[in-house]
Amino acid sequence: MTTPTTPTAFRAPRTTARLDALVTEVRAAVDLGLPPDLTAYQVGERLAPHLCAPDLLTEEQRVGDPECYRQHILHAEHDGSFSIVALVWLPGQRTSIHDHVSWGVAGVHEGQESETRYRLVADGGRARLEPTGDVVNPCGSVSAFAPPGDIHRVWNACDGKAISIHIYGADITRLGSSVRRVYECPDDER
C-alpha cells in the first residue's frame, strides 16, 4: 500500500471557499444519521457539483509524488465523523487491492481513474478474489460505497495527472489511511 498507514500530526490545511462550502454540505449529510450506504449516497450527491471546479483545491493540494500517489488531507471533522482527502496520481501509480474502514465516496476531480472491482468467493473452504468488473471513472464521476463488498484496486492509466476527492466516514488523521485490509492479487492478474 502506498498511502500512509500510521497517523501523523494533523495540521489544518489551507482551504478555499469552495472546499469550505463542501465541508458544510457534507456535515449536513452526515448529521442526518442515516445508515452507511445512504450516508455515502447523500455525501456523493453533495460532492458531485464541486468536482472539476478549478477553485476547489489550492496549488499545494494538487502536487503529486513521483514515488507513489499522494494523499492530501483537506479536512477532518472535529468529532471524527468524516474526513476529506485529495489523492494525486501520476501516470501508472496504483493502490493495492483493498477494502475500507468505513463508508466512502470517491469523485474524480481531474483526469480519470481506472478501477477493478472484486468480490470474495468461497473456494473449497478458502476465500479467493474474483474480479467483477473494470471501470474507467472520468472527470466528474462519483462512486459511493459501504463495507462489506467494497474491494477494489485503483490506478491512473493515463498520460497525465489524475486527482480524486475522497470522503470517508472516519478520522483519517487518526487512522492514517482508509484501508481496512489489503488482499493478494489473483493469480491471473500478476
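## Salt bridges in the model

A salt bridge is taken here as a side-chain nitrogen of Lys or Arg lying within 4 Å of a carboxyl oxygen of Asp or Glu. The structure is a predicted model, and a search of the whole of it finds nine salt bridges.

One of these joins the side chains of Glu60 and Arg14, with an N to O distance of 3.0 Å. The two residues lie 46 residues apart and link distant parts of the chain: Glu60 is in the loop between α2 and β1, and Arg14 is in the segment before α1 (17-30). Glu60 is partly exposed, at a relative accessible area of 48%, whereas Arg14 is exposed, at 56%.

Another salt bridge pairs Asp55 with Arg18, their closest N and O atoms being 2.6 Å apart. Because Asp55 belongs to the loop between α2 and β1 and Arg18 to helix α1, this pair ties together parts that are 37 residues apart in sequence. Asp55 counts as partly exposed at 40% relative accessibility, and Arg18 counts as partly exposed at 25%.

The side chains of Glu130 and Arg119 form a salt bridge of 2.4 Å, N to O. Glu130 is in strand β6 (residues 126-138) and Arg119 is in strand β5, 11 residues apart. Glu130 is partly exposed at 22% relative accessibility; Arg119 is partly exposed, with a relative accessible area of 44%. Through salt bridges that share partners, Arg119, Asp123, Arg128 and Glu130 are joined into one network.

## Glu113, a buried acidic residue

Glu113 is located in strand β5 (residues 112-123). Glu113 is buried and has no salt bridge. The nearest side chain of opposite charge is that of Arg117, 9.2 Å away; this pair is not a salt bridge because the cut-off is 4 Å.

The side chain of Glu113 instead makes polar contacts with the side chains of Trp89, at 2.8 Å, and Ser164, at 2.5 Å. Residues that Glu113 touches, beyond four places away in sequence, include Val108, Val135, Asn137, Trp155 and Ile163.

## Aromatic residues

The count of aromatic pairs comes to one. Tyr69 and Trp89 form this pair, which is stacked, with 4.4 Å centre to centre and 20 degrees between the planes. Tyr69 lies in the loop between α2 (36-47) and β1 (70-76) and Trp89 in strand β2 (residues 83-89), 20 residues apart. Tyr69 is buried at a relative accessible area of 4%, and Trp89 is buried at 1%.

Trp155, which is also in contact with Glu113, has the charged end of Arg94 over its ring, 5.0 Å from the ring centre.

Key
Residues are numbered from 1 along each chain as its sequence is written. This is a predicted model: local features need pLDDT of at least 70, side-chain atom pairs count only at pLDDT 80 or more; totals for chains, interfaces and linings use all residues. Side-chain values use heavy atoms; hydrogens and water are left out. Helices (H or I, at least four residues) and strands (E, at least two) are DSSP runs, numbered from the N terminus. Buried means under 20% relative accessible area, exposed over 50%, partly exposed in between (1.4 Å probe, protein chains only). Lys and Arg count as positive and Asp and Glu as negative; His and the chain ends are not counted. A polar contact is a pair of N or O atoms within 3.5 Å; within protein, one must be able to donate a hydrogen and the other to accept it, and residues adjacent in sequence count only if both atoms are side-chain atoms. Contact means heavy atoms within 4.5 Å. Rings of Phe, Tyr and Trp (its six-membered ring) pair if their centres lie within 6.5 Å; planes under 30 degrees apart count as stacked, over 60 as edge-to-face and the rest as tilted. A charge sits over a ring if NZ of Lys or CZ of Arg is within 6 Å of the ring centre and within 35 degrees of the ring normal.
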